[in-house]
Structures are given as structure tokens and as C-alpha cells.
Amino acid sequence: MPNILFSAKPGRWDEFRPHLETAFDEFGFDYTLATDFPAEQVDYIVYAPNGPVTDLTPYTNTKAVLSLWAGVESIVGNQTLTQPLCRMVDEGLTEGMVEWVTGHALRHHLEMDRHIHTQSGAWLEGAPPLARERKLCVLGLGALGTACARQLARLNFKTHGWSRRAKDVAGITCHHGDQGLHAALQDADIVILLLPDTPATTNIINAETLALLAPGAAIINPGRGPLIDDDALLEALDVGTLGHATLDVFRIEPLPENHPFWAHSKVTVTPHIASETRPSSAARVIAENIRRGEAGEPFLHLVDRQTGY
């Protein structure tokens, strides 16, 4: 009977506990679930980086650390982590991200701000182009990026995707590697960032890559704040080569009150709400991985510590 330690912000225990218990019961194994155990008795840790457990050294018998977050940059560099680490990939999180990304991509494609925010009484004629005339690029073809790219391709955008390694996604023009990055971004009208935060992706949107985009392009970032060189982004917005940036994630969160993004007319700030882990669906992912661990099967969504995702 595995001992399962829940380590997250205190308020999340009451939120997750009933869903975890339901999922474990459905999967049919006995368990003990609590927020405190002697470290040597813990078999699995359901983990959030902002929870009480930061030093994993005492957890010598723990079979896996099961993250509640999709991003693992806050834990993957923890030198005390020697246990297998699994990131969160769940259908609720994916659906939420697809909805948020699709909504903002359509907002920019349909030029909604230009029409809705005009209060001068000016009658602005001219319909936007069709989606098939827009090149849209998704940087990052993991679970979230691939789901978003597929949905946008179904809307008939000329959808390109880029990843570090070669991938083949039906309906998406896929690129990879350093040379592929330039091809993916060249003349893109809308760019969506869904990459992990790693040394290889820091400032991937910079003066050089911004210069590749179509004039007046839009950047949408629900991925990670460090993907963008903020100074280069502001300069491109100020000179008009970039049309707009919709940003959900930032290097410092909450975004400081004096940050120039708040007051910039070409920046939309949203408070890291593009998507989140839903307890009902996430609990089933956790339960499946514990079932696998107890059966000696490979874990789902195992993190490669070298690549950082």
C-alpha cells in the first residue's frame, strides 16, 4: 500500500484531496494519502514547487516525484532531486490552453482591437484577410503546442511549428533546429510561444528573430517569460515593426507595477491564466502514474533531466 505525500500550497490540499481519493479508488489500489509522513516512508510525492518540500534528500525510498505543474524549471535544477520526476500533462490543462491560444490568435487575426477599441466614431472599413492567408507559427511542439497548432490548422491558418528535435505532425509544416527556427518565423503574422524555459530557449525571441516576422506581426506568449528579450520586444513595438504582444507569463510574477508592459498601448497583459492544472483531470494522471509505479511499468511524462523537460 503506497504512502502518497501531498506537497503543495496549503489551500490546494482541500481542493485536490477529494479528486485524488476518487481517482485512486477508481484505479482500485489501496493507499495512504496525507500532507505529512516520515520521509523514509514516502513512496510518491504529489508535488508543486511552491509547497513545503524543497529538500528531497531525506526521501530515500520515494519512487517518483509527480509534479502538478506542466513546467518543471523550478524543480529540475534542484540538486537534491534524485528520484524520477514526472511533469503534468492532463487533458484539462491542454483544453484550457487551446481555448486561450485560439481566442487570442483569432483576436489578432480578426483585428478585433482595431474595431472594438475605436471610440472616435470613425467608420473603419476593410475586413481582415482569411485565415488561409495568415502564416501562424507555434514555437514548441510538445503536448500543449501540438494541440494548439492542430486546432489552429483546423481553422485554416497556414500553420507552422518548430521544435528542437524533428517532429512530424499532420497538417502542420514542421521545422526543427537552429536553421529551422528562421524558416518557421520568416514572414509569420502570428507567433505563439509554448516552449519550456531552458538555457537553449532563453531569449529565443530577440532582435534577430523579431526581424524575421511579417510587418505588424503579433506575439502571443502563454509559455514562459524568459523566452522573450523584453527590451528587444519593446523596441520592436515602439518602432512599429511588431504590431502587438499578448503576454501571460513574465520573468517576475506578479508583473511589477512599474513595468513598461502595463502602460504600453501595444501590449496586453494577462495574469498567468492561459491555463492551469484542473484537479479532476490531473488526479487521474497522478493515479495512473502511481498504478504504473506499483506495477513496474514506465512512468508517463518522465522528465529528461539533461534537456530540462
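Student: Which residues is threonine 270 in contact with, once its neighbours within four places in sequence are left aside?

Tutor: In this predicted model, threonine 270 is in contact with Trp100, Leu247, Asp248 and Phe250, leaving aside its neighbours within four places in sequence. The residue lies in the loop between β12 and α9.

Student: Why is threonine 270 counted as buried?

Tutor: Its relative accessibility is 11%, and buried means under 20%, so threonine 270 counts as buried.

Student: What makes the pairing of threonine 270 and aspartate 248 a polar contact?

Tutor: The side chains of threonine 270 and aspartate 248 are joined at 2.6 Å, and the cut-off for a pair of N or O atoms is within 3.5 Å, so the pair is called a polar contact.

Student: Why does serine 7 count as buried?

Tutor: Serine 7, which lies in strand β1 (residues 3–7), has a relative accessibility of 1%; the limit for buried is under 20%, and therefore serine 7 counts as buried. Not counting residues up to four places away in sequence, serine 7 touches Ile45, Val46, Tyr47, Ala48, Gly51, Pro52 and Val53. With one of these residues there is also a polar pairing, in which the backbone nitrogen of valine 53 lies 3.1 Å from a polar atom of the serine 7 side chain.

Student: Why are asparagine 156 and histidine 272 called partly exposed?

Tutor: Partly exposed is the range between buried, under 20%, and exposed, over 50%. Asparagine 156 has 44% relative accessibility, so it counts as partly exposed, and histidine 272, at 37%, therefore counts as partly exposed as well.

Student: What is phi in asparagine 156 and in histidine 272?

Tutor: In asparagine 156, which is found in the loop between α4 (143–154) and β7 (158–163), phi is near 85°, a positive value in a residue other than glycine. In histidine 272, placed in the loop between β12 and α9 (279–295), phi is near 55°, again a positive value in a residue other than glycine. Most residues other than glycine have a negative phi, and most peptide bonds are trans.

Student: Where does a cis peptide bond occur, and what is its omega?

Tutor: The cis bond joins glutamate 253 and proline 254, with omega about -5°. Proline 254 has its place in the loop between β11 and α8.

Student: How do you know that helix α7 has a buried side, and which residues belong to its buried set?

Tutor: What can be stated is the set itself: in α7 (residues 230–239), Asp230, Ala232, Leu233, Leu234, Ala236 and Leu237 are buried, and each of them must therefore have under 20% relative accessible area. An α-helix has 3.6 residues a turn, so residues three or four places apart point the same way. The buried residues of α7 pack against α6 (207–210), β10 (217–221), β11 (242–247), α8 (260–263) and β12 (267–269).

Student: Which residues have the most contacts inside the largest nonpolar core?

Tutor: That core has 31 residues, and those with the most contacts inside it are Leu139, Val191, Leu210, Leu213, Ile219, Leu233 and Leu242. At least two residues each are supplied by β6 (135–139), α5 (177–185), β9 (190–193), β10, α7 and β11, and the largest share, five residues, comes from α7. Leucine 210 touches Ile205, Ile219, Ala232, Leu233, Ala236 and Leu242, not counting residues up to four places away in sequence. Apart from this core lies another, of 26 residues, including Ile4, Leu66, Leu68 and Ala282.

Student: What kinds of residue form the lining of the second largest pocket?

Tutor: The lining divides into five nonpolar, five polar and six charged residues. There are 16 lining residues, of which His108, Glu111, Gly216, Ala218 and His244 lie nearest the centre of the pocket. The elements that give two or more residues to this lining are α2 (91–109), α3 (112–116), β10 and β11, and the pocket volume is about 290 Å³.

Conventions. Residues are numbered from 1 along each chain as its sequence is written. This is a predicted model: local features need pLDDT of at least 70, side-chain atom pairs count only at pLDDT 80 or more; totals for chains, interfaces and linings use all residues. Side-chain values use heavy atoms; hydrogens and water are left out. Buried means under 20% relative accessible area, exposed over 50%, partly exposed in between (1.4 Å probe, protein chains only). Helices (H or I, at least four residues) and strands (E, at least two) are DSSP runs, numbered from the N terminus. Contact means heavy atoms within 4.5 Å. On a 1 Å grid over the protein atoms alone, a cavity is a set of points where a 1.4 Å probe fits but cannot get out, and a pocket is an open set with protein on both sides within 12 Å along at least five of seven lines; lining residues have an atom within 4 Å of a point. Grid points are joined across faces, edges and corners, and a volume is the space filled by probe spheres set on the points. Ala, Val, Leu, Ile, Met, Phe, Trp, Tyr, Cys and Pro count as nonpolar, Asp, Glu, Lys and Arg as charged, and the others, Gly among them, as polar. A nonpolar core is a set of buried Ala, Val, Leu, Ile, Met, Phe, Trp, Tyr and Cys residues joined through side-chain atoms within 4.5 Å. A polar contact is a pair of N or O atoms within 3.5 Å; within protein, one must be able to donate a hydrogen and the other to accept it, and residues adjacent in sequence count only if both atoms are side-chain atoms.
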